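Open the model in your viewer and keep the selection tool at hand. This tour moves from helix to helix.

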Amino acid sequence: MTQADDLFVPANPVEAAIRAGDMDAVAAAARALTWPQRASLRAALLELERALAKVYVDNDPALLHWWGGRPKLEQERCVSAALFLCGNASDQVEHWLWDDALFPYLDLIEPASVRVLADGLIRKDPSWIHSVQRLVVAGLSDRPDHENYTIGLIYAPRSFRPSATPPLAMLEADPGLLDGPLWRIFEVEGTGETNMSAIEKYNHRPDNTWTHALLEMARRDGVTRARLIAATVGTLEKDWPQFRAGWFSRFHTVLAPTPAEMAPIAARYVGLCQSRIAPTVTLALSALSDLFKSGHASAADVLGGLEPVLSSAVKGQLDGALKLLDAVVKQHPAGAHAAAALAQLALAHESPDIHKKVIARLAAWGFTGDTRAALCDALPHVSAANRAALAALLGVDAAAPVMSALPAARAMPSPLDASRVLAPLADLDEVVQTIACVLENEDDANQFERALDGAVRLLPLNAEARERLQPVLKRARKLLDSLRRHNSPLAASLARVLLAAAGTPSALAGPVGDSPSAELSRRIDDLIVFAARHPGVQALCTPTHRGGFIAPDALVARMAAHLQAGAQSSQDEQVRSLLRLASGDWPDARAAARALAPNEYVQALRYALGDDLAVGANAALFAAAARIRHPGQDDTLLAASGAEAGPDGARAARYAWSVEDEVFAGGTYRHIIMVVTPAPAHGDAPFIAMRRHQPYFWQGGEGELFYGASILPSNLDAFFANGLVQIGDNLDWWETRWQHKAYLSLLLDPATPATPLAAAMLACALGAKEPGQCALAVDVFVAVVLEGRLDPILLAGEIRAMLVSQHARAARYAASLASVARADPAMPGAVCALLCGVLDFGNAAAPKDAGALLELLLELSLGHGVALAPHMRATVAALTLSGKGKAAQKALLAHLD
C-alpha cells in the first residue's frame, strides 16, 4: 500500500483487486503467489483494513479523499477475503464471511488451518454452526468438541445465514450427529438467549425446529425414539430453571410415550415427583398415573412418589395426587391408612377446597394414631370453613375465632414534617460520597436533589474541591461518553453539572420534548447558567423536604436573598419553585412575602400563598401559583383572565378511566383509556404542569418517574393516572417493566395521599400477574389502610369496576386479598368490608370466577369472627354463578342464614 499525492495506490495485484471490489480477482491474485509470498502481505493488509475502518467510522475528509469516498461493501469483503487467504489461522477465523463466500478458496490455505477452522469458528461464535457443519460434512474440518458446538446446534433454527438449513436437513446431511453430538443438547443448558426453550418457543416455522426434526427421527427409528424419551427424562432430572426445562416437558408431551415405553425407566418418573420445577412434577404425576393403571408401577412406587407432591403449593398437583391415592386405595384397600397419612400433608395448602377433599378422604379411609396426632397439630391452620368438620372427625373442639379491629385513624403527616427534611450536605466529603452514590444508582430522587444542590453550591471550585472531586469527575465523563446516559437521566444531569463546575462542560445536549428527563435537562441548563452568574446563591427550585416539596418560609427567604444579591432566575426556574411549594395556609410566610420588593415572581408567590391580590399578567407564573393556591380545584379568577390552555393551568385536571377492547387477529386486547379534562394541548404545552399530560410524558426508569412526580408534589394525580394506564396495559406481564414499581412505591410514603386515582391504580395492581408487583401492591394496601389514608370501600368500587370490565380476574384478587388478610391481625376485617363492597355487582354480571371471592369472604368471616352486614345475604343471593362458584355461593348463604 503506497500513497501518491495523498491518494491510495495499490502496491500489488491483491490490493488492486480489493480496490476493484472483485473477490474472484483477489483469489486469483493470491493463487498466483506462493504461501510465503501471501504471508508477507499480511501486515499491509491489516493496516489497510484498519485504515478503511477509520474512513468508515470517522468520516474524516482527508481519509475520504485518500480512498476516494466511503469504502463500498464489496471492498470491505475483499479485504476480509485477502486476510483470510494471506493471514494465519486466527485471521481465517476472524475474517470468514457470513455467507460462506470463501468456501471455494479453501484450497489456498494450509490444510492444517482448514482442519481447525470449524473449531475456531464455533469457539468464536456459536451462530457459525451452519458454516461449521458445511466444513464438517465436506470432511474439510474436524468436528468440534466444545460446548459452543452444542450451543450452536441449539441455535441452528434461528440462524439467518445463507448456509442455514432446517434441523431435519442437518441430521440427514450429517448422520454422525446421531452418534453422539446431538444428544448433548439434552445435557447443555445453554445461555440466556440460546437455550432450547427460547429457540423453539419463538420459532414460527414448525418445519424449522428441533421438535419437528426429532419427532421425524423418532418416527423413523424406534431405538432413537426410546433414546429420546430417556434423554428427555434425564434433562428434567437436572432441575434446570423452569423456563429452560419447559421445552423438554413439552417435548415429552408431544412424544406421548406409552406406559410400555415408560416402564423401563419407571423409577426415574417416580424420582421426578421430587423436582422443584412445577411442570416437571405435573408431567411425573401424569406418567405415574399411567404406569400404575397399566400395572407397570406398584402401589409402593406410587405412595413413595406422592409424598413430596402432597406438600406442593400447586393446587392442580394436589388434586391429581389425591385422585391417584383414590386409585391406590381402590386397588389395595389395605393401603388406606398409608394413603391417609400422605393425604393429610395437603392440609398445609391454603385452599379450602383442598382441605374439604382431604377431610372427606380421611373420613372414608380412616387413619392411625400417628396421623391423628398430625391432624390435631394441623387443625388451627385448616381453613375456617372446614375446621369444624375436621374437629368433629377428631372428636375435639375447634377454637373460637378472634377478631382484631383496625387501629384508630391517625392524622397523615405533613409533607413538611421535621422527619422529612432534606438536610443540605454538610461538608465536601459528604458531597463527594453522595454524588458518587447517585452516579451509580439514580433511583433515589431525594438523594439526587441533595447531590445536585451540593454540586451547585461548590461553584466556583477551589483547589481542594477540584482535587477531591477528581474520582467523580472521571466517572462523570465516562458516564456521558457511554450509552448509559440514555437510561440514567438523573445521573447524567448530575454529571453535566460536575463537568460544568470543572470548567469542561459537556457538548452533549440533553433530551428534548416532554418527559421528566427533558424537563430535568432544561432545569440543569438553567442551573448551570445561574450558578455561573451568581455563585453561592441557592437556586429557587431546590427542595427542602422529601418528594420535591419546598417549605413556603424557605422559598420566601431564598427570594429575599436573590433580591439582595441581584440574582435573576429564569422564568422556568421560577415556575418550578412555585409548583414545588407545599399547599396549605402559611400566614407567617405570607406576611414575610408581603415585605419583599414587588416583581412578577413575588406577586405570583404571594398569590400562591393565598394573598388577596389581583391576577398578574404573567400567565406561566400565575398558572403555577394557582395549582398551589387551589390544589385540585379550578382558579376562576385566572380562568377569567384567559389563562385556560389545558389541564393544570387555570383549571385543575380531572380524570376518567375506562376499559376498551381492541380486536385483532390473535384475539382481544383490553387496555385502559384515560380521558383528561380540560383536554391536553396539541403540540407543545405552554406551562410546565401541563406538560405532564402530554402523550408519552411518563417514560423512563424508576428514578425518572420519581423525578416526574416531584414536579408538582402536592398533586400526584397525573402520576397515578399514568400508573393506572401503564400497569393496566401490562397486567398480564407480557413485557418486563420493573420501573412500574415506582408508581406503587410512592404510596408507601405515609405523607402521600391515597386519592381516588391512586386507589384505582392500586386496585389494578392487586390483580397483576407478576408476583413482585402484586406483592408490592399488597404492602401498599396494608399501609394505606392501617395508616387511615384509604377507606377499603373506596377501593372496593375500583376493584368491582375492574371485574365488571373483565380487565382483571377475580381469582387473582382472591389470592392477593388473602395475602393482605395474612399481613396484619387487623386486616381480615378490612378485607371482609372490601369484599362486601366488591360483590355488590347490582345489575352487572358477576365474573365467572367470582366464587373465589365468596370462598375468601366465608373463610375470613368464619376464621376471624367477622360479622357480615345483614344485607349481604340478598347481595350474595342475587349473584348468578355456576360450577364451583355456585357451591361457594351456597356455602356463604348457609353461613349468612
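Start at helix H45. Its buried residues pack against helix H42 (756-765), helix H43 (771-786), helix H44 (792-804), helix H46 (827-838) and helix H47 (851-864). Contact here means heavy atoms within 4.5 Å. Helices are DSSP runs (H or I, at least four residues), numbered from the N terminus.

A word on the source: this is a predicted model, where local features need pLDDT of at least 70, side-chain atom pairs count only at pLDDT 80 or more, and totals for chains, interfaces and linings use all residues. Residues are numbered from 1 along each chain as its sequence is written, and side-chain values use heavy atoms, with hydrogens and water left out.

Now select residues 810-823, which form H45. Buried residues (under 20% relative accessible area, 1.4 Å probe, protein chains only) include Tyr 813, Leu 817 and Val 820.

Next, select H42 and H44. They pack at an angle of about 50°, with their axes 8 Å apart. Axes are lines fitted to C-alpha atoms, for helices over the stretch in contact, and angles run from 0 to 180 degrees between N-to-C directions. Show the side chains: Leu 762 and Cys 764 are among the H42 residues that meet H44, whose partners include Leu 795 and Met 802.

Finish at H49, residues 884-896. Which residues are buried in H49? Gly 885, Ala 888, Gln 889, Leu 892 and Leu 893 are. H47 and helix H48 (872-877) are among what covers them. Turn to the other side of H49: Lys 884, Lys 890 and Ala 894 are exposed, that is, over 50%.

Conventions: Helix = DSSP H or I, 4+ residues; strand = E, 2+ residues; numbered from the N terminus. Expected span 1.5 Å × (residues − 1).
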